[in-house]
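Subject: Structure handover

Hello,

Please find the structure we spoke about below. My notes on what was found in it follow.

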Amino acid sequence: MPCGQPDSGAAPARYVLGVDVGSTAVKCHVYDRAAAVRGSSYRKVESLSPRPGWVELDPEVLWSQFTGVIKEAVQSAGLHMRQIAGLGISTQRGTFITWHKRTGKPFHNFISWQDLRSTDLVNSWNKSLLLKAIHAVFTVLHFLTGNDRYLAPSFLTFSTHQTSMKLSWVFKNIHEAEEAAKKNNCCFGTVDTWLLYRLTKGSVYATDYSNASSTGIFEPFTKCWNPTLCNLLSIPMSIYPPVKDTSFNFGSTDSEIFGVPIPIMAVVADQQSAMFGECCFHPGDVKLTMGTGGFWNVNTGEHLFASQGSLYPLIGWKIGEEVVYLTEGSISNIGTTIKWALDIELFTDVNETAEMAQSISDSQGVCFIPGLQVSGDDPYLCASFTGLKPSTNRNHLVRAILESVAFRNKLLYDLIVKKVHIPLQTIRADGGVSNNSFVMQMTSDLINKKIEKPANVDMSSLGAAFLAGLASGFWTDKKQLKKLRRVEAVFEPQKDSEEYRPAMDAWLQAMKHSPHW
């Protein structure tokens, strides 16, 4: 029965929706009680680049894509909207928009987490004497108290990808937003907040703990928006939404949108959602997502570890009294690099790449240096190949690209083992690149750990559906969810990691010489 078409009676609500608004696509899956997919829809996200280094999303286009995939997925499942028990929404993190509280009109397009417009502002702050003085104060407090809360917070090491710096840019450059904020008429929202606002026609203004903590503006220790950071960057505190539980009844969609009201039972940040979808519920559980970028997440339970180097703390989810913390490390340009290689026709189908890499014994000394995104710290940094020879062919280039993914996985895993003092348990992988058997096997060999790959790699959608299902009573508890997991493949170490030592040493040497050329 087409969605929105009047039905003959009140059909029982036997399905939940999981929508993932990612960096490259908006996906919706309809799940039954066995967590099997009954219907799906997918639309590609087209980003805008009005100036070099700027990355934006048109809010009206994103809204159309979001509502479109829900209607199409329900229709493809042969269902009616009345049969949907709840909606869970997973969203890309750090992408935000500001709008007028009274009119609902945006002051600008969504500014993506990939956007680099704040480069000059970041460089200025990182060189400032004030910032150095604040660092010194935190260092002294940590020395005197021994409390890790006083380790210099991650927000005091500014980077171009931080939401706070781009939000500061908004209030320095968009006069309408600045004036509205002075009158308490400016709303800030990540993608989840804005979608909630639109879905309820302005009656719900909120976010959840996972999305809030991923902005870097929300302090995970105190569970509050950070007044110190906002004062430092002249960002008004009045703009932020209330923060709710992740699995929570946020209200229902306006009936005009889908024909009937649909309960919105969860909003969650995409990496945390994937963690929940993988059922990484216990301290030491590890999730590896390899999509546009790569993300290693470790469940640290009720323990919050302060930022250490490239590792940072996040709130995974909050359900009632339970707050689960994560430690995360990220790798840029994984799926991005593979797409680039496809675009320049190193291969014609992504599924060919594992076989191409396995068809040769090594990369013949070729190394791939990732760096397709502009760097504010090093404007000359770029992706490159080293070790090219007359005998180099496409297989060598592809293998070098895939090896660089596994090598970076190894480096980040070793850092996690060193810094996170929790015994690591099962590693579960998801994301499009987890379909690549060469990367998965090589990563397993390098870290000497078993890695599970689920039957369904769209874990962000499933995690959102799981959270919505718990809030709506569709599923009873996490124990039931764990029984629904389906593992498609298990990669166990087959080679000693030392066999990769010469290739990895050559790659590390190439990486060392690539910056500031």
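To start at one particular spot: helix H5 is followed by Asn 184, which has a positive phi, near 60°. Before going further, please keep in mind that this is a predicted model.

H5 itself spans residues 175-182, and its buried residues are Ala 177, Ala 180 and Ala 181. Viewed down the axis of H5, these buried residues fall within an arc of 100°, so they line one face of the helix. The background is that an α-helix has 3.6 residues a turn, so residues three or four places apart point the same way. What do the buried residues of H5 pack against? Their partners are strand S6 (96-100), helix H4 (163-173) and strand S8 (186-190).

Some totals for context. The protein chain contains 17 helices and 22 strands. Of its 517 residues, 56% are buried. Among contacts with a separation of 6 or more, 70% are between residues 24 or more positions apart.

Next, a sheet. Five strands form an open sheet in the order S3-S2-S1-S5-S13, and the pairing is mixed. Strand S3 (37-44) and strand S13 (264-269) stand at the edges with a single partner strand each, so one side of each has no neighbour in the sheet. On average, neighbouring strands of this sheet are turned by 15° against each other, direction ignored.

Helix H1 (residues 59-76) lies across strand S1 (15-21), S2, S3 and strand S5 (84-91), and runs at about 155° to S3. Helix H10 (residues 270-277) packs on the sheet and touches S1, S5 and S13, with its direction at about 110° to that of S13.

Finally, a pocket. The second largest pocket has a volume of about 220 Å³. Its lining consists of 20 residues, and those nearest the centre are Asp 362, Ser 363, Glu 403, Pro 502 and Ala 503. Which elements each supply at least two residues of this lining? They are strand S18 (367-369), helix H13 (394-419) and helix H17 (501-513). The largest share, five residues, comes from H13.

Regards

Terms used:
Residues are numbered from 1 along each chain as its sequence is written. This is a predicted model: local features need pLDDT of at least 70, side-chain atom pairs count only at pLDDT 80 or more; totals for chains, interfaces and linings use all residues. Side-chain values use heavy atoms; hydrogens and water are left out. Buried means under 20% relative accessible area, exposed over 50%, partly exposed in between (1.4 Å probe, protein chains only). Helices (H or I, at least four residues) and strands (E, at least two) are DSSP runs, numbered from the N terminus. The arc is that of the directions from the helix axis to the C-beta atoms. Contact means heavy atoms within 4.5 Å. Two strands pair if DSSP finds at least two bridges between them. Axes are lines fitted to C-alpha atoms, for helices over the stretch in contact, and angles run from 0 to 180 degrees between N-to-C directions. On a 1 Å grid over the protein atoms alone, a cavity is a set of points where a 1.4 Å probe fits but cannot get out, and a pocket is an open set with protein on both sides within 12 Å along at least five of seven lines; lining residues have an atom within 4 Å of a point. Grid points are joined across faces, edges and corners, and a volume is the space filled by probe spheres set on the points.
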